[in-house]
Amino acid sequence: MSSLTETLAIIAALGIAAQWLGWRLRIPTIVLLVAFGILIGPVFGIIRPSEALGEAYPSLISLGVAVILFEGGLSLRWHELRQTATGIKRLVTIGVVLAWGFGTLAAHWIGALSWPVAMIFAAIAVVTGPTVILPLLRQARLRRRPASFLKWEGIVNDPTGALLAVLLYGYFAAPGGPDLSHTLGELALGLFTASLLGGFGGWLLGRAYLAAKVPEYLKGPVALGAALGAFGLTNLVTDEAGLVAATMLGVVLGNMGLPSIEEIRRFKESVAMLLVAGLFLLLTADLDPDILLALDWRSGLLILAMLFLVRPLTIGLSTIGAGLNWRERVLLGWIAPRGIVAAAVAGVLGPGLVASGYADGELLLPLVFALILTTVLLHGFSLGWLARKLDLSASRRQGLLISGANPWSVALAQALQSREVPVLVTDHSWQRLRRARHTGVPVFFGELLSEHAEIELELSDYGSLLAINSNDAYNSLVCAQYASAFDRRHVFQLASEPASERRKPAAGSRGRIFIDAEIQHDDLQRNWYRGWTFQATSITKEFGVEKFSAALPEGALPILSISDDGGVRLFAAEDRLQAEPGQRLLWFGPKNERVKPNDAAARARMSQPERLPDSNQ
């Protein structure tokens, strides 16, 4: 099939399908993309992207990578460096030099490549690639520190490795022979241009945003156009330096404190997600099986050496004294997937090396593809497992973050804490947090909408947010702010007061209604002062949700369900009450009331429902 329209349509549809299946089946999306690409290309021959796209094929790959790096730059926040600065600096400086040096030695002595080809292969292998690592981080749910190390390394080293490979190629394949001064001049000129267009250009664009020179609806498209412009103009000066410019522009914009930066990030994230899927499908669908057949046993040993020797040595030596614990060093020493940039650069430089008289240059592309496929599969399937074994992944218990300290919310936190559910109560009033502090409930003192909260809060242990302040508009702001972090399905707030129904925010800018549309803040506080408490009832096969609902005291409110592993699921007003056998339902009701099974069989099997600590004591 050679139709350009059909090729792009298939790529787009399969890319989104792979993203959804990866989320649904909890399989690394990158692995599915590689599998789909191989099936529609080399296996069934449905499409051949390089033939359908023609000369536009490498250009589309390059533009897509530039946008992905720009989006990655937007996600790099300077505050992440406060805890990880030394480690990240080592990874993007000393780490690059060591990875290139060790990789060159392995490629020459183990892979039997000539020194020029070995050096270029090692430079390409420096690229760990945000096209792979960012989707993996999204699914693996690492804690903030190890995730920051991998994210910064991938985004910064991607253009660094590509630029290094191109400069080495220019040095060895120069028509007049190697010329070091010319190569260094190209590097200096490229970096200067990238700094001017990416760094200074990004600052000017940010100032224009702050001065309201760009309307809100154009801010996302203008940022995207600026990134592509900086990429293209810088590439006219030095090949691949445009990737540096696009990354720098994203980093500068992302750290200028722009009021609309979250909307720009969400816009770019959607574009980048589609591009990552499309580019991986394009590259794998265009893979020629004969390429991999050119590899021999030395090539296999080289791939193994890159995984089990070069990477661990690089991380072990570059992070000495950098403040990383042994668990973080083990994780970083294993996880280093390569992606689209490595394949694109190898596809361009390999034939050029052969034309310049380096016969083993024909092995460059198959070696890089073998490295990509191996790392994507091994690291894609092992990242989550290894992170859990090393205690570097987010808690699987999916606890609750509560915005707003009041008697009712603190009592709820106490009830969850007694069940070993991760819970955190936040408020900007130290006085309102007093009750929680005195009872030992974890608290965060500060404004939840501030940059301070973004820096200090570790959200990885929490799967849901409940905004329960007395101000409904503030609750809506909190839910809107954290909807992307928790997923909009897991942010909740109380219903608006009837009098303010006409003034309440639209459904898309607020959280889901918690418990019931008729229950408001004052209702919960009033019943707490009347002596109502939180109690938990076990759900069994004999005593299911229907019988629980029938036995629930009049006026009592089901709040949430607690799973065996300590995860919670809050009940929304529009949802039907659901719980599986083995789970506990937490409900809020009169102090002396109990939920009792009605049938004799259930009563015989089930002990008295657990009563949680009296929150009024």
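Me: Is D523 buried, partly exposed or exposed?
Reply: The relative accessible area of D523 is 21%. Buried means under 20% relative accessible area, exposed over 50% and partly exposed in between, with a 1.4 Å probe and protein chains only. D523 is therefore partly exposed.

Me: What kind of model is this?
Reply: Residues are numbered from 1 along each chain as its sequence is written, and side-chain values use heavy atoms, with hydrogens and water left out. Local features need pLDDT of at least 70, side-chain atom pairs count only at pLDDT 80 or more, and totals for chains, interfaces and linings use all residues, in a model that is predicted.

Me: Which residue forms a salt bridge with D523?
Reply: A salt bridge is a side-chain nitrogen of Lys or Arg within 4 Å of a carboxyl oxygen of Asp or Glu. The closest N and O atoms of the pair are 3.1 Å apart. Both residues lie in helix 23 (residues 521-529), three residues apart, so about one helical turn separates them. The partner of D523 is R526.

Me: Which residues touch the most other members of the largest nonpolar core?
Reply: A nonpolar core is a set of buried Ala, Val, Leu, Ile, Met, Phe, Trp, Tyr and Cys residues joined through side-chain atoms within 4.5 Å. The largest one has 118 residues. Its members with the most contacts to other members are F121, I124, L142, F280 and L364.

Me: Which helix gives the largest share of the nonpolar surface patch?
Reply: Patches are made of residues with over 30% relative accessible area and no salt bridge, like charges being joined within 9 Å and nonpolar side chains (Val, Leu, Ile, Met, Phe, Trp, Tyr) within 5 Å; areas come from the Shrake-Rupley method with a 1.4 Å probe, and for residues only the protein chains shown count as cover. The nonpolar patch covers about 890 Å², with F192, W203 and L233 among its residues. Helix 10 (180-210) and helix 11 (216-237) each give two or more residues. The largest share, six residues, belongs to helix 10.

Me: Where does A112 lie?
Reply: A112 has a phi near 60°, a positive value in a residue other than glycine. Most residues other than glycine have a negative phi. At 46% relative accessibility, A112 is partly exposed. A112 lies in the loop between helix 6 (94-109) and helix 7 (115-125).

Notes
Helix = DSSP H or I, 4+ residues; strand = E, 2+ residues; numbered from the N terminus.
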